[in-house]
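Got your viewer open and ready to click around? Let's take a short walk, one selection at a time.

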Amino acid sequence: MANSHENKLSKTLRILLSFALFVMLVLLSLSASSKAVLLNKNRIENMFTSYKYVSSVKNSVVDYTTDIYLKNGLDTGSVEDIIDEKLVSEAIDSYISYNLGLDSRYNENTYLESIGSICDVIKSDITKQLDGKNLENNEENVSLIVKSVNDYLVNEMDISVTNEKTLVNVGSIALIVVLCVSAFFALSIALILFFIGTKRYRSIRAVGISFASAGLFDIFSSLIICIILQIKHIDIFPLYLRELIMNYIYSGLVSFIISGCFLLLISLIFSVIVWKVRKEK
């Protein structure tokens, strides 16, 4: 009876600990993948400073400035050259680097200065056009046009997700905490689980099941989220920003799937170990 009671107790503890290990492994894989991809500051910087994104911002500002010129009877042929892509890139670089805390050379005014440089060229062009047409150079109207472009550029670059008080910085710290805690408990639970009962292969099998369950959870949950994102349209404006963010989310989901496959591979190794241990007996 004592042996029967011990076996029953061991089985119950093994199930409970196996489930606890599954939970810790899910937390560990999700936090590791998120830290490596979704909240990786360098990846975020590369995403928002890519040629495609910079060109999209420039084209958006060119379109807006062109409309402003047309409304005020100005020639639009020079707008494409006035909105210098290099200055736009410098403004975006400084904005992202400062808000992510990646470069101490930048402060909150650096990107505004770059935008100001663009607006100075616009102001000079408007003044030149007015003088060339012998039109009255109304300083107030010119300033309003320049301010309108300046505000538009500021709004285009104002991406709250990169702000140092929001998710990226706070989330990164939180993920490190979750990563360390889940890794500690996962290792502790696995060691305790390994020494439960007298038949060692059952404990090894329980550990393997936890890894397999966590891997399948990562894969299936990521696939479900992908399907939902395909069905449900998320409104983010402008459209190029939506495309950028959606691609970034998908890259994070891919990392979760890869993490799940890695966990499944580990579970397969445990299965082989269980098979060898049972065969030797």
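Start with the rings: across the whole structure, a search finds nine aromatic pairs. (Rings of Phe, Tyr and Trp, its six-membered ring, pair if their centres lie within 6.5 Å; planes under 30 degrees apart are stacked, over 60 edge-to-face, the rest tilted.) Select Phe19 and Phe22: this pair is tilted, at 6.0 Å centre to centre with 40° between the planes. They sit three residues apart in helix 1 (residues 2-38), so about one helical turn separates them. Helices here are DSSP runs (H or I, at least four residues), numbered from the N terminus.

This is a predicted model, where local features need pLDDT of at least 70, side-chain atom pairs count only at pLDDT 80 or more, and totals for chains, interfaces and linings use all residues. Residues are numbered from 1 along each chain as its sequence is written, and side-chain values use heavy atoms, leaving out hydrogens and water.

Is Phe22 buried or exposed? Phe22 is buried, at 18% relative accessible area, whereas Phe19 is exposed at 56%. (Buried means under 20%, exposed over 50%, partly exposed in between, with a 1.4 Å probe and protein chains only.)

Phe22 lies in helix 1 and Phe217 in helix 9, so the pair ties together parts 195 residues apart in sequence. Phe217 itself is partly exposed, at 38%. Show Phe19, Phe22 and Phe217 together: ring pairs link them into a cluster.

Last stop, still on helix 9 (residues 200-231): select Arg205. Arg205 is partly exposed, at 37% relative accessibility.

Note on methods. Helices (H or I, at least four residues) and strands (E, at least two) are DSSP runs, numbered from the N terminus.
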